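Open the model in your viewer and keep the sequence panel beside it. The stops below go one selection at a time.

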Amino acid sequence: MNSVVARKRMVAELVKRGITDQRVINTMLELPRHIFVEEAMSGQAYSDGSLPIGEKQTISQPYIVARMTELLALTGREKVLELGTGSGYQAAVLASLADRVCTVERIRPLAMKARKALDSLRLLNVNLKIGDGTEGWPEEAPFDAILVTAGAPGLPECLVEQLAPGGRLVIPVGDRVDQKLLVIRKALDGSVTREEADDCRFVRLIGKNGWNDE
Ligand code: SAM
């Protein structure tokens, strides 16, 4: 099956599962996910599952990528922070839907591979940094949207501080295995609300304001 047909099938499945944001749907129809996975796994690139990307890390399941992106409600004008670049696929989705993306990955070899994949798609609006994303990226703040793509034990307060008025933050929070997506919204007057969305299972967010056991 060629990759265009495989992508159409993958996206049809996402729509069946409830994804409705047409911009997210169009982007995931366009973006070649297979270039973000190891060659040996490219046959599975368009099935709705997470896949290993080396360094004991994973590229997230397409449904959860679509769902988290949808929860950010991007219009194309935003500056977005992503924590946990991993393969770079989620960063590519964000870069296609927002004005600028800042993404942080703690594992150097993954960051290097992700940079290569993003460059090959000429996604030049992605700024990638190697480091501990649990501290956010204060020099680049404020952000209109923040997406954390690793499971956290709690909500790092510094991320809420780095969110612009009117901004949205989506983060999986829970234990080492199971989490729930937490959606934080900062109103224009600076007041903050939180809401729970889908159950999910992410690898751990490791760092100063995350898990500190590795
Ligand atoms: N968004 C990724 C993608 O599209 O492939 C998937 C992310 S993967 C599920 C989680 C990533 O978060 C891993 O690559 C891991 O190394 C990274 N990570 C964990 N803790 C981190 C931290 N404190 N700062 C930055 N990255 C972190």
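Start at Ala73, which is partly exposed, with a relative accessible area of 41%. The cut-offs are under 20% for buried, over 50% for exposed and in between for partly exposed, with a 1.4 Å probe and protein chains only. Ala73 sits in the loop between H3 and strand E3 (79-83). Its phi is positive, near 50°, and the residue is not a glycine.

Before moving on, note that this is a predicted model: local features need pLDDT of at least 70, side-chain atom pairs count only at pLDDT 80 or more, and totals for chains, interfaces and linings use all residues. Residues are numbered from 1 along each chain as its sequence is written, and side-chain values use heavy atoms, with hydrogens and water left out. Helices (H or I, at least four residues) and strands (E, at least two) are DSSP runs, numbered from the N terminus.

Now select Lys56. It lies in the loop between strand E1 (51-54) and strand E2 (57-59). Lys56 also has a positive phi, about 60°, without being a glycine. Lys56 is exposed, at a relative accessible area of 78%. For background, most residues other than glycine have a negative phi, and most peptide bonds are trans.

Go to Pro142, in the loop between strand E5 (126-130) and strand E6 (143-148).

**Helix H2**

Select residues 22-30, helix H2; Val24, Ile25, Thr27 and Met28 are buried there. Look down the axis of H2: the buried residues fall within an arc of 165°, so they line one face of the helix. The arc is taken from the directions from the helix axis to the C-beta atoms.

What do the buried residues of H2 pack against? Their partners are helix H1 (3-16), helix H3 (62-72) and helix H4 (89-97). Contact here means heavy atoms within 4.5 Å.

Now zoom in on the start of H2. A side-chain oxygen of Asp21 comes to within 2.9 Å of the backbone nitrogen of Arg23.

**H3 against H4**

Show H3 and H4 together. Their axes come within 11 Å and cross at roughly 35°. Axes are lines fitted to C-alpha atoms, for helices over the stretch in contact, and angles run from 0 to 180 degrees between N-to-C directions. The crossing is right-handed, meaning that the near helix is turned clockwise from the far one by less than a right angle. On the H3 side, Val65, Thr69 and Leu72 make the contact. On the H4 side, the residues are Tyr89, Gln90, Val93, Leu94 and Leu97.

H3 lies across E6, strand E7 (163-174), E8 and E9, and runs at about 150° to E7.

**The sheet**

Next, show the open sheet of 7 strands, in the order E5-E4-E3-E6-E7-E8-E9, with mixed pairing. E5 and E9 are the edge strands, each pairing on one side only. From one strand to the next the twist averages 15°. Two strands pair if DSSP finds at least two bridges between them.

Strand E4 (residues 100-105) runs parallel to E5, joined by 5 bridges. Val104 stands opposite Lys129 in E5.

Strand E8 (residues 179-186) and strand E9 (residues 192-200) are antiparallel, with 7 bridges. Leu182 has Glu196 of E9 as its bridge partner. The hairpin of E8 and E9 has 5 residues between the strands, and Gly190 in this hairpin takes a positive phi near 90°.

**E3 and Glu82**

Select E3: 5 of the 5 residues are buried, so this strand is largely enclosed by the rest of the structure. Lys79, Leu81 and Leu83 point one way, Val80 and Glu82 the other. E3 and E4 run parallel, joined by 5 bridges. Leu83 stands opposite Val104 in E4.

End on Glu82, in strand E3. Is Glu82 buried or exposed? Glu82 is buried, at 0% relative accessibility. Leaving aside neighbours within four places in sequence, its contacts include Gln90, Ala91 and Leu94, as well as Leu147 and Thr149. Finally, display side chains: Glu82 makes a side-chain polar contact with the side chain of Thr103 (2.8 Å). A polar contact is a pair of N or O atoms within 3.5 Å; within protein, one must be able to donate a hydrogen and the other to accept it, and residues adjacent in sequence count only if both atoms are side-chain atoms.
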